[in-house]
2 protein chains.
Amino acid sequence: MIPHDTHLRIGSLLFEGIDQIDLTGPFEVLSRIPNATYRIYAKSAAPVRDLNGLWLTPDASLADAPPLDVLHVPGGFGQEALMEDTEVLGWIRQQASGACHIFSVCTGALLCGAAGLLKGRRATTHWASLHLLRFFGAIPVNERVVIDGAWVFAAGVTAGIDGALRLAAELRGDESAQAIQLQMVYAPEPPFHSGTPETAPPAILRQERQSLRAITARREETAGRVAAKLGITVPVTIGD
Amino acid sequence: MIPHDTHLRIGSLLFEGIDQIDLTGPFEVLSRIPNATYRIYAKSAAPVRDLNGLWLTPDASLADAPPLDVLHVPGGFGQEALMEDTEVLGWIRQQASGACHIFSVCTGALLCGAAGLLKGRRATTHWASLHLLRFFGAIPVNERVVIDGAWVFAAGVTAGIDGALRLAAELRGDESAQAIQLQMVYAPEPPFHSGTPETAPPAILRQERQSLRAITARREETAGRVAAKLGITVPVTIGD
């Protein structure tokens, strides 16, 4: 627990093919945390595109990042291309070793896993990748936000907003997080109950599983290779 | 009502000092609408910063935008600087005249009002600016999402996500919006009940009103000038 009067350095990882709201949802919270400097870091300082085409620009390159107190690792299809990227995984590992909190959103958890950081840890990620956490030695938990020691895991995509508010409360106390929630007018009213596999209409869930089949297959293959490198034996049969 | 098999051109307005999630929340929905081209437009094609420093880059300038079927007008403190900007207001007016839907988020409603588009319309905006809607001849409605004919209004900040899903359902039907909701894993679990003035702890609400006092005063002054230009007599005393 860092004292509230200690200045925090907070940093997000940005990469090509990120799901933008994995970054921009938490941004709305993290940029409002009192007495903190929040910056976005990528392999180079050049703009990148999110998986649906939004241009996002980092504040600096990974090499120029100071040691961070809070590390935020988002996800999105582009995470897959970084699963064996020694520069990015090394940066995550090094930053995580000095951070007081690590905040993973969506398939950012797979990157943290590939960095070897999830062994024995209770974790969550996007529902379509939840089974993959075992490849990295983690214990999958089907909840929207999972807190395990210094780690905050948010499940898929927009769960990053809920996770970031939980993180803000951990860092600066409930009242600070409540003030940020009011600033964001975060009192959601989803028009349907279709946000999870458990509540979505079955036909829509089938269609979404189908559209994720190719990326999930690639992720399974990569996770298998990474597990072998990490010396992890995956105990169960993988389904989808 | 546009047939589902008609291609849609969807465009968002971007400007310096936007509240980024007014754009990026809806982006997550609008970029997934089937059979549509979605682009972001700003006064020039140069990157701009959101009110907390996020760099955002438009796809093209306002002048290069085609006639849009769906116009999205976000808000944020930077809206105030555009309230008498003839180029931006003229663009909003022109695009709105040909669009089948206009989607206002947060204080984007004040821009639409300054463009003279809200006379007699039921509308909503950020709670701290709700009373200002009368300056533009609109009828303020204290709801998170208000639909009035071709118009979809979302209240403050993250309400844009709920508004965009409602808009997706209007454009492409409930099932399409439900599929997008599942893709976004939008089943929010806010950790506190602090997202509205009605539910936030009173001390936090007082503090937030205080921090918005200066911008609200500027907005009231500007709205008075704009109302005079529009020939609107504001019927009530303005409180905060």
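Colleague: By which criterion is a salt bridge assigned here, and how many are counted between chain A and chain B?

Modeller: A salt bridge is a side-chain nitrogen of Lys or Arg within 4 Å of a carboxyl oxygen of Asp or Glu. The model is a predicted one. Across the contact, the side chains of A:R49 and B:D59 meet in such a pair, at 3.5 Å from N to O. Between chain A and chain B the count is four salt bridges.

Colleague: What area is buried between chain A and chain B?

Modeller: The contact draws 60 residues from chain A and 60 residues from chain B. A:L182, A:V185 and A:F192 supply 15% of the area that chain A buries against chain B, more than any other three residues. Carbon and sulfur atoms give 64% of the area buried between the two chains, which is about 5000 Å².

Colleague: Which element gives the most residues to the side of chain A that touches chain B?

Modeller: The rule finds 29 residue pairs in polar contact across the interface of chain A and chain B. The elements of chain A that give two or more residues to the side touching chain B include α1 (20–30), α4 (159–172) and α6 (202–230). With eight residues, the element that gives the most to this side is α5(A).

Colleague: How are the two copies related?

Modeller: Chain A is superposed on chain B, with an RMSD of 0.0 Å, by a rotation of 180° with 0.0 Å of shift along its axis. The two copies are thus related as by a two-fold rotation axis.

Colleague: Which residue of chain A comes closest to the rotation axis?

Modeller: Of the interface residues of chain A, 100% are also interface residues in chain B, so the copies meet through the same surface. Among the residues of chain A, the one that comes closest to the rotation axis, with its C-alpha at 3.0 Å, is A:L56.

Colleague: Which residues are linked in a network of salt bridges with A:E221?

Modeller: The side chains of A:E221 and A:R225 meet in a salt bridge at 3.8 Å, N to O. Because they are four residues apart in helix α6 of chain A, A:E221 and A:R225 are separated by about one helical turn. A:E221 counts as exposed at 55% relative accessibility, whereas A:R225 counts as partly exposed at 39%. The residues linked with A:E221 in the network are A:E84, A:R225 and A:K229.

Colleague: What distance separates the C-alpha atoms of A:D69 and A:C100?

Modeller: A:D69 is found in the loop between β5 and β6 of chain A, and it is buried, with a relative accessible area of 15%. Beyond its neighbours within four places in sequence, A:D69 is in contact with residues including A:H7, A:R9 and A:C100. Although A:D69 and A:C100 are 31 residues apart along the chain, their C-alpha atoms are separated by 5.4 Å.

Notes. Residues are numbered from 1 along each chain as its sequence is written. Chains are lettered from A and ligands numbered from 1 in the order in which they are written. This is a predicted model: local features need pLDDT of at least 70, side-chain atom pairs count only at pLDDT 80 or more; totals for chains, interfaces and linings use all residues. Side-chain values use heavy atoms; hydrogens and water are left out. Contact means heavy atoms within 4.5 Å. Buried area is the accessible area (1.4 Å probe) that two parts lose on being put together, summed over both. A polar contact is a pair of N or O atoms within 3.5 Å; within protein, one must be able to donate a hydrogen and the other to accept it, and residues adjacent in sequence count only if both atoms are side-chain atoms. Copies are superposed by least squares on the C-alpha atoms of residues with pLDDT of at least 70 in both. Buried means under 20% relative accessible area, exposed over 50%, partly exposed in between (1.4 Å probe, protein chains only).
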